Amino acid sequence: MKSPSYQRRLLAVVLPALLLLASLPARAADTLYLYNWNNYISEDTVQRFEAHCRCRLKQDYYSDNEEMLAKLEAGAVGYDVLVPTGNAVESLVRRNALREIDRARLPNLRNIKREFLDTWFDPGNRYSVPYATSVTLIGFNANKMQELGLPTDSWALIFEPKHLKKIKGRVTVLNSQRELMAAAMRYLGHSVQEHDPARWEEAKQVILRAKPYWAAFSNSTYIKDLAIGTIWVAHGYSNDMWRAQQDAAAAKRPFAIGFATPKEGAVLAVDNFVLHKSGRRPDLAHQFIDFMLAGENAADVSNLIGAGNPNGAATPRILPEIAANPGIFPPPAELQRLEMLRDFDPKLRRTLSRMWTEIKVR
Amino acid sequence: MKKAQFWLWTASLATYAFLYIPLAVVVLFSFNDSVLNAEWVGFTTRWYVKLLHDDDMLHAAANSLLIALVSSSVSTVLGAMAGLAMHRYRPRWLPFLVLTPVAMPEILLGVSLLLFFRQVLDLSLGLFSILAAHITFSIGFVAVIVRARLAGMDESIFEAARDLGATPWATFHRVTLPLIMPALVAGFLMAFTLSIDDFVITFFVAGVGVNTLPLQIYSMIKVAVTPEVNAVSTLLMALTLTLILVASRFAPDVLKGRS
Amino acid sequence: MSEPRTQPSGLTKWVVTLPPTIFLLAFFLVPALIVVLAGFRETGEFGGLAPLPQLSLDAYRFLGGDVIYLEIFARSFLVAALTTLICIVLAYPLAWLIARSPKQRRDFLVLLVILPFASNFLVRIYAWIMLLGPVNLLYTPFAVIVGMVYAHLPFMVLPLYTNLEKHDPALLEAAQDLGANAWTRFWRVTFPLSLPGIFSGSALVFIPVLGMFAVPELLGGTGDILIGNLIKEQFLENRDWPLGSALSIMLTICVLLLAGLTAWGSKRGLHGTEAVT
């Protein structure tokens with residue numbers, strides 16, 4: 001009977017595997033779990049923080065607030081810090097999912113510019129601390145746009161068939177119900193905080209008319225697609241466009257990436273640190289937030305990520321060419337045309353989410 | 001006839017090329033000295049070095065290995081029981097229970113387990129939920145392999161053992177177990193491969209901080225595609241390749257057992 | 001094969017039968033029933049499910065309210081059918097070649113089919129992102145089909161090969177002696193005999209493709225949403241669990257019908273084979 005040799009051979013497979021497993025680095029006891037936007041904190045900053053706290057910072061990424069909220073609703077437990085946008089903060093607060101911030105542990109909170117404190121989504125900043133801002137706008141391949149004579153300062157570029165005809169299959173839009181519908185609303189001249197379903201219905205029609213010309217719904221891959229040159233126009237976040245611009249330049253691509261806020265207005269996002277109730281390390285979480293509020297660290301999110309900055313102590317450290325970029329730091333006149341998203345009541349939310357399902361399938 | 005032979009070879013070689021060229025490109029571009037990885041720039045091994053220092057990736061790999069080892073061990077035991085039971089006692093409900101999870105599109109199992117862990121157990125997702133899910137879909141594969149092995153066997157051996165006065169346990173230990181051992185090894189290796197490869201179901205039931213390798217690769221593909229993805233893919237290929245070769249040495253029929 | 005005579009020892013029976021049964025009841029059947037129930041519930045205020053007493057047909061009403069969902073199912077079936085067909089066309093020559101090869105070469109050729117599957121499923125999709133991006137075929141229906149075929153091809157080759165290997169060459173010789181040309185021999189002898197292999201291969205390809213979401217998500221464009229994507233989105237983006245559950249149930253029904261059909265088909269096919277051999 002061959003069996004003993006089989007048993008021995010089985011052992012020969014399993015044992016080394018077990019040994020390999022045992023030899024892998026043990027999980028660090030001090031780990032901070034951060035659920036963050038992709039491309040929203042630089043490697044440098046992370047390393048400096050890990051050295052500072054002698055702990056590990058472990059990140060998971062999302063590329064849409066809805067995705068983050070859905071994941072939490074589906075039972076994700078144990079994230080210490082999240083980085084929701086204003087409207088998602090509102091929703092999380094209402095859900096009673098957040099831990100109150102202990103201001104005594106955040107001496108650097110004073111660095112935040114006053115206009116970013118005490119906002120509508122969190123009066124008195126009981127739960128949230130602003131981290132960075134971005135504008136949802138249009139990024140484009142500047143050479144192609146010039147060649148084709150297309151306007152880059154209007155939502156018409158992604159919604160008007162007469163423009164889209166020239167760039168069919170070369171456009172991506174965000175795979176985000178709130179952001180894409182908001183863009184269509186601005187294009188129609190409506191507010192993104194509109195409550196009338198009929199107006200949203202109009203936005204849906206605009207989207208459905210343009211959809212056949214788009215290549216894909218994409219929340220993150222457009223950074224690479226723009227830099228490589230397979231996609232010429234993308235609806236997305238200013239910091240991602242900045243990244244695509246840098247990547248294309250670094251790889252010496254034969255074209256340049258540009259981005260601009262459409263003249264019809266756009267969505268401004270203020271993204272904030274909040275503490276999730278299920279987090280096991282509020283101590284590390286506070287330490288992290290205070291670290292990120294220090295001027296030299298806060299400046300990284302502008303200098304290395306290309307995001308707007310609510311931190312006053314960071315302002316003098318921000319590179320002049322970034323501070324002067326209107327897509328990253330909107331000038332006062334442009335700020336007038338920017339709106340923030342708001343959380344809706346369940347009924348409207350459901351109506352919109354079903355409109356979105358329809359948009360995706362039609 | 002010559003002409004038919006020629007076309008048969010041409011078509012087959014074309015299909016083999018279709019199977020291998022994409023993977024060759026992945027491997028080749030893991031040595032590409034370009035962050036964008038859009039065209040060939042130059043040779044480097046720096047992505048492999050980077051991989052060795054990527055803590056997230058190493059943890060994901062450790063998780064994947066741990067999950068694969070535990071889940072394939074448990075499912076080998078449960079699957080062997082199910083295979084034995086199906087062969088010997090033929091309960092009507094068992095084949096349905098064992099085989100349906102294998103036959104269903106994975107997303108359905110993922111969705112139902114997500115709802116189950118959330119609504120019924122009110123359990124936070126994590127290692128346990130992933131293990132339970134992997135065991136659920138692996139049992140069927142092991143059971144099928146074990147049953148196939150038993151079906152090809154002469155029942156009189158077991159009767160002889162009983163006639164000689166062996167207790168059920170002794171019969172199992174001395175006769176049945178050695179006989180089905182190749183099937184167990186094959187089943188174990190198959191369950192291991194399935195577990196380490198699984199993306200869809202894990203995607204639904206994975207919790208915070210318990211990333212597996214496929215999940216890590218998925219988030220890399222979606223977010224920042226550097227040649228590091230190619231490097232980790234190449235290494236993973238090497239690993240599963242070894243496993244398959246081992247499996248095919250142990251029990252050549254395992255390859256057919258899947259179908 | 002002799003029918004196993006079960007010498008009672010009821011205890012052994014339960015020791016062997018119960019553990020897997022209990023495990024699968026707990027982690028397969030109960031969760032499946034929960035999905036059925038969830039399809040009749042309402043969305044909670046923050047997503048998830050509303051408290052239990054409320055039951056409604058709302059999710060099904062929404063699905064029934066628009067033919068578009070029917071179209072998505074139709075599209076998914078079309079993609080699955082096309083994938084299966086292409087797999088058959090690609091797999092047949094290969095399986096035949098392997099089955100006709102000298103015995104010592106066969107295992108090696110089979111291994112060559114399986115080896116690409118030593119790579120992770122996502123890696124296989126990623127490979128096509130790399131290949132199709134530069135030629136502007138990424139984000140197209142073509143990319144989706146290529147990805148689907150690539151991910152499932154061996155599931156067609158293996159059962160087909162297993163079937164073709166068993167064919168008796170004497171049959172083909174007899175046909176030749178009776179004056180049938182190669183073409184006729186294939187269509188009148190080999191092909192009908194290989195139907196069971198085609199059937200089981202088709203089931204192994206068609207059903208997984210039906211629920212696949214990763215391929216359309218990573219390779220497809222705005223028009224390539226399939227049932228799988230729709231289901232995934234309800235749970236992991238839209239927070240509309242009842243709708244997601246209702247869609248899952250409809251997919252399950254489709255799959256069960258299909259599985260029943262193939263079981264019936266291959267049984268018939270098998271009888272056919274027995275009659276000939």
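1. Two residues count as being in contact when their C-beta atoms, placed from the backbone, lie within 7 Å. The model is a predicted one. On that criterion, chain A contributes 26 residues and chain C contributes 23 residues to their contact.

2. Which elements of chain A give two or more residues to the side that touches chain C? They are helix H3 (65-73), strand S7 (216-217) and helix H17 (346-361) of chain A. H17(A) gives the most, with 9 residues. By class, this side of chain A has 11 nonpolar, 3 polar and 12 charged residues.

3. Chain B also touches chain C: 70 residues of chain B are in contact with 73 residues of chain C. On the chain B side, the most comes from helix H1 (residues 2-29) of chain B, with 14 residues. The class counts for the side of chain B that touches chain C are 53 nonpolar, 10 polar and 7 charged residues.

4. Within chain A, the domain assignment gives domain 1 (31-133 + 269-330) and domain 2 (135-267 + 342-361). Taken over C-alpha atoms, the centres of domain 1 of chain A and domain 2 of chain A are separated by 25 Å.

5. The contact between these domains takes 16 residues from domain 1 of chain A and 22 residues from domain 2 of chain A. Helix H4 (residues 86-94) of chain A gives the most to the domain 1 side, with 3 residues. That side has 6 nonpolar, 7 polar and 3 charged residues.

Terms used. Residues are numbered from 1 along each chain as its sequence is written. Chains are lettered from A and ligands numbered from 1 in the order in which they are written. This is a predicted model: local features need pLDDT of at least 70, side-chain atom pairs count only at pLDDT 80 or more; totals for chains, interfaces and linings use all residues. Domain bounds come from an automatic or database domain assignment. Helices (H or I, at least four residues) and strands (E, at least two) are DSSP runs, numbered from the N terminus. Ala, Val, Leu, Ile, Met, Phe, Trp, Tyr, Cys and Pro count as nonpolar, Asp, Glu, Lys and Arg as charged, and the others, Gly among them, as polar.
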